[in-house]
Amino acid sequence: MKARTRWDAVCTVEDLVPESGIAVWTENGPVAVFYLPHRLPALFAISHTDPFSGANVLARGITGDLKGEPIVASPLYKQHFSLRTGVCLEDDTVSVKTYPVLLDGNRIRLEVQATQQQPQAA
Amino acid sequence: MSKKTLIVIGNGMVGHHFLEQFATSPAAKEYEVVVFGEEKQLAYDRVHLSEYFSGSTHADLAMGTADWYADNHITLKLGEPVLAIDRDRKTVTTPASDYPYDELVLATGSYPFVPPIEGNDNERCFVYRTLDDLDAIRASANDARTGVVVGGGLLGLEAANALKSLGLEAHVVEFAPRLMPVQLDTDGGAVLRGKIEELGVRVHTEKATTAIVDGETARLRMNFSDGEFLETDLIVFSAGIRPQDTLARESGLEVGERGGIVVNNQCTTSDPHIHAIGECALWNQRIFGLVAPGYTMARTLSAVLNGDRDAAFTGADMSTKLKLLGVDVGSIGDAHGQTAGARNIRYNDEQAGHYRRMVVSSDGKKLLGAILVGDNSYYDTLLQYALNGIDLPENAESLILPESQGGAPALGADALPDTASICSCHNVTKGDICGAIDAGCSDLGGIKVETKASTGCGGCAALLKNVVDSELEKRGVEVSKDICEHFPYSRQELFHLVKVNGIRTFRTLISQYGKGHGCDICKPTVGSILATCWNEHILATDHVPLQDTNDTFMANMQKNGTYSIVPRIPGGEITPEKLIVLGQVAKEYDLYTKITGGQRVDLFGATLSQLPEIWEKLIAAGFETGHAYGKSLRTVKSCVGSTWCRYGVQDSVGMAIFLENRYKGLRAPHKVKMAVSGCTRECAEAQSKDIGVIATENGWNLYVCGNGGMRPRHADLFATDLSDEELIRTIDRVLMFYVRTADRLQRTSVWMENLEGGLDYLKEVVLEDSLGIGAELEEHMEGIVGTYQCEWKAAVEDPEKRKRFREFVNAPEKADPVQQWTTERDQRRPALESA
Ligand code: SRM
Ligand SMILES: Cc1cc2nc3c(=O)[nH]c(=O)nc-3n(C[C@H](O)[C@H](O)[C@H](O)COP(=O)(O)OP(=O)(O)OC[C@H]3O[C@@H](n4cnc5c(N)ncnc54)[C@H](O)[C@@H]3O)c2cc1C
Ligand code: SF4
Ligand code: FES
């Protein structure tokens, strides 16, 4: 059966921290949402789990750009991950999952994969 | 054709240098090379031997590696002394076997002279030459209080310093009427004596020891010819060196009347197949007790063995520049003015302890020699005048006058001729350096590797940097000091931009002076600069995204994403009530509890959302943040001091608490650690801290720029016998100057090592206020001290800031699923095995 996707509201604009990240819990696990008000697009969402340590910490990293690419630096061992593609700049064989994210009025919505048990909402 | 055999006796500094030269030369292919060393260790840097007492190991001091010897097919036989040479059979004998040679090189160095005094064979009498000697001294110092060095020469003073660093009360007994009789004149010796006594080393001149007998108040008593005596627990003889020429003497080679293996300009002895280099060789009736001439001999001999007919050793410059117990001493060329018609120019400031003497030729045109005590910043310029025969300026005295009295500025690197010797250890001229730059070297590191300049005694480091910088500049090469791709500025430059333009946010700074959006290098750097300049709360909205996670959440992140909590415990002093609160909180949240290396308590395993609650409880009990996460003051370690300890001479705990409360919260380029000890026993280990304070009978001695950690560095003595007020003022200035001028993540130790002019420069800026910024530095510090706030207190009281501490903003009750726990030694710890 083909998995269906859904746009879940995960938090509001007030929860975001400009130039930084916050973590939300989704059906797909912990996700980090970044708000970079001085870029377009301004919202990015990637997995909150740092693949190098297994810890849920990426939302707590420093954001910025390297050669124009928007990035977050893992707070544990300092690798950089592209916020657009999730690929690690130091080792392109490692990447984290990225999530489409959008602003709906005052709400931040993430596109998550519905798990089977969930009633399939439209 | 079978190979010939070359045997080298002695694996010391010069023997090793010879092998380095020879192994890469064409002749190396013709020889089987075998080296015998009496010492067990591979050749090491004897010049820096004393660093063995300040933490260096043999590996740090080693000059080569066993692999290097193997790679170059050199057979190395350590711990196997040569006992005899049979010149007829052309063999050498060791305890293991006989070995034939075709060419033989003696590089046996010298041995310390021990005066024939009754009792000099006591087990508590030592010499100062090898690693084994130092091991023996260290072992004996363990249960000793005082130590005497016999001999007030260069090595003797170094040995006295070593005894002091081992915690002994140090004395120097010198036969001559002054210290360093070879290098200094009467006035210079007197100034040096004053300085050294100020540092607590007792100097006894004109004392001839007649016997060493059992002591009454200490282990030994030294009886002097004038009827006086001195009691001590150990004695180090440093009364001069004698060339190690026994093998040569016994095999009938020509030796000098007062020792030394006679060699000609080709470093060959009276037997054409036997050569001698280094301290064992006597050339032109002279022995050279320094490493640079030995290296020159080694290079000469390697050339000679390669058939170079022009190779000749023609003597060497014996100028020396040293720091003895932190006191500068320099001696150049004909320091005693023995050249006919030589004239003298003297400068003597007894108040400051500065003495300088120039010896100039009868026509006043050339510099023949010089003596410096107290300030070596004049050395490089004077040496270049003397070595290169540069004509002295009209008013030659300006070369040794302080700048405030019309002194001349240092001779620029530009003024030096290409033949000017920059590094005498490795015989590198300015021309060689220019050559290396033209061949593609574009930084100091590369030039050091290429030319070896400054890899010997290190005395030429400042001059080398000058020459390299000026040559690079001439060629239009710019050394990039940019901190990252977003800012074309160094940290120091950014600091100025922020301060001068009153910039208060990262955005303003990057839009005016940088490009892009920043990164994890520039953001925390600017965050720290903004904090130092304006001292606003680090969680103010503009500053949050600048901080490393540890600063953002004001706790140190652990490997599973949880945090540790370290409340401040100033000076390590804590009431039972507070200790109980720590226990209660730890118990309530099941936190792993550990005493840290900084005399306080660390509570591990708190989740993000628990942090504010836990801090609320700690703050209610009177705790404050310990800044264990910040690039800021960590702890001021203390010993119990005079309030309890029978040896304490000041209240070290009181001072530590005062310092910790004064500087807590100061944001710096890196963390800052301090300690205060109540007496010279130094239980608080102050000499390994950025700022170390040790109590004296009259006040406090201040040490600066020490470091533990990855590359330990002993702190330098900065000022002595300070009153409380003087101490605080001096620390204010040192810290503020560091905060303003250091690079990002540069501890004070590395900052100091990179500071042009080093310790002396820092002393000028701080103690003599040479830049006229003393008052400004103090005022800046006062401002920071006055606006201190406990960051955690401010955070828990502000609901907006507390919002940041939610693990998942949409699921407050959700526990982080990765945080799995297990129990070990009755406490909880992460079960996560990755990382
Ligand atoms: C807790 C403690 C070990 C302990 O259990 O005793 C500790 C723990 C850490 N040390 Fe340390 N150091 C601790 C005393 C020391 C000491 C000893 C001292 O201060 O007397 C040293 C050597 C002295 C020195 O710094 O000169 C020390 C030298 C380091 C270094 C190397 C610094 C250097 O200049 O080479 C680092 C790495 C760094 O800072 O870049 C480091 C870094 C760390 C970090 C912050 C590593 C990290 O990023 O996670 C550790 C986190 C602690 C935490 O989570 O709370 N720690 N660390 C000690 C805390 C003392 C305190 O109360 O604040
Ligand atoms: C504490 C200290 C500080 C110093 N500071 C300075 C300074 O600041 N500047 C400076 O220029 N110089 C300094 N020197 C002097 C410098 O170390 C020497 O000039 C240099 O080491 C001489 O090198 P060498 O190879 O001739 O002798 P060494 O380095 O002494 O090497 C000789 C080696 O030969 C071995 N040997 C002797 N006999 C035999 C044998 N029969 N068989 C096998 N092996 C044998 C010895 O065990 C020794 O290892 C200092 C010396 C000391 C001790
Ligand atoms: S340093 Fe000195 S005063 Fe302080 S506890 Fe140790 S012995 Fe006592
Ligand atoms: S002069 Fe000794 S290293 Fe250059």
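**Exercise 1. The surroundings of ligand 1**

Which residue has an N or O atom in its side chain 2.7 Å from an oxygen atom of ligand 1? Determine it, and describe the shell around ligand 1.

*Solution.* The model is predicted, so that local features need pLDDT of at least 70 and side-chain atom pairs count only at pLDDT 80 or more, while totals for chains, interfaces and linings use all residues. Residues are numbered from 1 along each chain as its sequence is written, chains are lettered from A and ligands numbered from 1 in the order in which they are written, and side-chain values use heavy atoms, with hydrogens and water left out.

Step 1. The residue is R600(B), whose side chain has an N or O atom 2.7 Å from an oxygen atom of ligand 1. A polar contact is a pair of N or O atoms within 3.5 Å; within protein, one must be able to donate a hydrogen and the other to accept it, and residues adjacent in sequence count only if both atoms are side-chain atoms.

Step 2. A polar backbone atom of G597(B) lies 2.6 Å from an oxygen atom of ligand 1. For S564(B), an N or O atom of the side chain is 2.8 Å from an oxygen atom of this ligand.

Step 3. Around ligand 1 there are 20 residues, of which Q558(B), T596(B), G597(B), R600(B) and G708(B) come nearest; a residue is near a molecule or strand if one of its heavy atoms lies within 4 Å of it. The shell divides into 2 nonpolar, 11 polar and 7 charged residues. In this scheme Ala, Val, Leu, Ile, Met, Phe, Trp, Tyr, Cys and Pro count as nonpolar, Asp, Glu, Lys and Arg as charged, and the others, Gly among them, as polar.

**Exercise 2. Ligands 2 and 3**

State how many residues surround ligand 2, and give the classes in the shell around ligand 3.

*Solution.* Step 1. Ligand 2 is surrounded by 29 residues, the closest being V14(B), E39(B), R129(B), E279(B) and V291(B).

Step 1. A polar side-chain atom of R129(B) is 2.5 Å from an oxygen atom of ligand 2, and a polar backbone atom of V291(B) is 2.8 Å from an oxygen atom of the ligand. A nitrogen atom of ligand 2 lies 3.0 Å from a backbone N or O atom of V82(B).

Step 2. The shell around ligand 3 has 5 nonpolar, 3 polar and 2 charged residues. Its members include C639(B), C645(B), C679(B) and C683(B).

**Exercise 3. The interface of chains A and B**

Describe the interface by contacts, area and salt bridges.

*Solution.* Step 1. In chain A, 36 residues are in contact (heavy atoms within 4.5 Å) with 39 residues of chain B.

Step 1. The size of an interface is often given as the accessible area lost when the parts come together. Here the buried area, which is the accessible area (1.4 Å probe) that two parts lose on being put together, summed over both, is about 2,900 Å², and carbon and sulfur atoms give 55% of it. On the side of chain A, W25(A), R60(A) and I62(A) lose the most area to chain B, together 27% of what that side buries.

Step 2. The interface holds 4 salt bridges, each a side-chain nitrogen of Lys or Arg within 4 Å of a carboxyl oxygen of Asp or Glu. The side chains of K78(A) and D548(B) meet in a salt bridge at 3.7 Å, N to O.

Step 3. The elements giving two or more residues to the side of chain A that touches chain B are β1 (5-12), β2 (20-26) and β5 (62-66) of chain A. Of these, β2(A) provides the largest share, 6 residues. Helices (H or I, at least four residues) and strands (E, at least two) are DSSP runs, numbered from the N terminus.
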